[in-house]
Amino acid sequence: MTTPEPFSADEARSVTEVWRGLSLPGLIDVHTHFMPRNVMDKVWAYFDSAGPMLGRDWPINYRADEEVRVDGLKAFGVRRFTSMIYPHKPDMAEWLNGWGADFAARQPDCLHTATFYPEESAPAYVGGAIEAGARIFKSHIQVGEYSPTDPLLDGVWAQLADAQIPVVIHCGSGPAPGRFTGPGPIAEVLHRFPSLRLIIAHMGTPEYVEFLDLADRYPSVMLDTTMSFTDFSEESAPYPRDAYPRLIDLGDRILLGSDYPNIPYGYRHALDALTRLSFGDDWLRGVLYDNAAGVFGVEE
């Protein structure tokens with residue numbers, strides 16, 4: 001495969017040697033961002049400004065046109081990925097869902113991604129997205145500035161729990177606390193919808209232990225590794241070493257996430273950060289591919 005710029009052939013080989021060394025067919029990354037161009041440009045502009053939620057410089061390592069970014073993932077050996085769209089205001093989610101469906105149709109390796117916002121129309125368009133084949137949803141409590149316990153979302157959570165479709169939810173208080181972030185509101189939602197398949201983004205940064213507690217309590221709760229354990233995250237929100245044994249115990253419910261393309265380091269570093277945990281090859285195989293393959297029924 002010809003590796004497009006800004007992805008060098010050397011970088012692609014460096015990434016693929018990780019999963020090949022584990023005898024895996026590739027990687028499954030449940031936390032990648034593809035959005036309409038005007039939305040992505042605004043997201044990148046926010047990162048460029050080191051906005052108040054960031055509080056530090058955050059260069060975008062894989063800033064490129066959409067096709068180049070897709071081809072980069074393929075060069076890395078990513079067999080399935082997501083589009084992780086999310087609204088920050090009313091009357092936006094349904095439009096994003098239409099774009100997400102079109103993107104998944106153009107890119108068959110993308111797990112059809114949808115989203116929602118607390119509004120009267122949410123149950124209807126979420127139901128429509130499910131009927132259209134959505135396989136994963138994204139909720140961003142911090143950017144959306146909404147409570148997951150908002151009554152307008154009751155019909156959404158009920159449908160997603162019934163359909164057993166996972167939701168990647170950014171609900172931890174990192175990189176900066178929001179009005180509704182933290183484990184408390186999520187615990188309330190899970191109390192009402194205990195079968196809801198939530199994938200806690202970023203391992204719940206920085207409330208790592210509290211989200212591990214929720215995963216212990218609810219077998220349907222998973223966590224994604226997005227940015228966790230990397231030098232960038234360890235500098236400001238180190239993962240507690242005394243919680244490492246719990247990560248091993250929950251190994252079958254931890255999924256690879258990267259935040260690609262919006263990461264300030266190379267993709268290989270995210271894999272190295274997991275490898276250096278020294279939890280063993282079986283744990284790594286699960287996190288990098290097998291666990292997500294089981295969740296989404298991926299067969300190679």
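## Basis of the description

Helices (H or I, at least four residues) and strands (E, at least two) are taken here as DSSP runs, numbered from the N terminus. The model is predicted, so that local features need pLDDT of at least 70 and side-chain atom pairs count only at pLDDT 80 or more, while totals for chains, interfaces and linings use all residues. Residues are numbered from 1 along each chain as its sequence is written, and side-chain values use heavy atoms, with hydrogens and water left out.

## Overall form

The chain holds 13 helices and 8 strands. Its radius of gyration, taken over C-alpha atoms, is 18 Å, close to the 19 Å that the globule rule (2.2 Å times the number of residues to the power 0.38) gives for 300 residues, so the chain is as compact as a globular protein of that length. Along its principal axes the C-alpha trace spans about 50 × 40 × 40 Å.

Of the 300 residues, 60% count as buried, a term that means under 20% relative accessible area, against over 50% for exposed and in between for partly exposed (1.4 Å probe, protein chains only).

The chain carries 24 positive and 42 negative side chains, with Lys and Arg counted as positive, Asp and Glu as negative, and His and the chain ends not counted. The centres of the two sets lie 2 Å apart, the place of each charge being NZ of Lys, CZ of Arg, CG of Asp or CD of Glu.

Six of the strands, in the order 3-4-5-6-7-8, form an open sheet with parallel pairing, where two strands pair if DSSP finds at least two bridges between them. The edges are strand 3 and strand 8 (254-255), each of which pairs on one side only.

Strand 3 (residues 113-115) runs parallel to strand 4 and is joined to strand 4 by 3 bridges, with Ala114 standing opposite Phe137 of strand 4. In strand 4 (residues 136-140), 5 of the 5 residues are buried. Both faces of this strand are covered, with Ile136, Lys138 and His140 buried on one side and Phe137 and Ser139 buried on the other.

## Helix 3 and its cover

The buried residues of helix 3 (residues 66-76) are Glu66, Arg69, Val70, Gly72, Leu73, Ala75 and Phe76. Their cover includes helix 1 (9-21), helix 2 (37-48), helix 4 (93-106) and helix 12 (267-275), together with strand 1 (27-28) and strand 2 (78-80). Just after helix 3, Gly77 takes a positive phi of about 90 degrees.

Phe47, found in helix 2, counts as buried at 12% relative accessibility. Not counting residues up to four places away in sequence, Phe47 touches Leu54, Trp58, Ile60 and Asn262. Phe47 and Asn262 are 215 residues apart along the chain, yet their C-alpha atoms are separated by 8.4 Å.

Tyr208, in helix 9 (residues 208-217), is buried with a relative accessible area of 4%. Leaving aside neighbours within four places in sequence, Tyr208 is in contact with His202, Met203, Ala237, Pro238, Tyr239 and Pro240. Tyr208 and Ala243, 35 residues apart in sequence, are 8.5 Å apart in space, C-alpha to C-alpha.

## Backbone features in the loops

Most residues other than glycine have a negative phi, and most peptide bonds are trans. Met84, in the loop between strand 2 and helix 4, has a positive phi of about 35 degrees although it is not a glycine, and at 0% relative accessibility Met84 counts as buried. Met203 lies in the loop between strand 6 (198-200) and helix 9, where its phi is positive, near 60 degrees, and Met203 is likewise buried, with a relative accessible area of 0%.

A cis peptide bond, with omega about 0 degrees, joins Gly174 and Pro175, and Pro175 is found in the loop between strand 5 (167-170) and helix 8 (183-192). The peptide bond from Tyr260 to Pro261 is also cis, with omega near 5 degrees, and Pro261 lies in the loop between strand 8 and helix 12.

Notes
Contact means heavy atoms within 4.5 Å.
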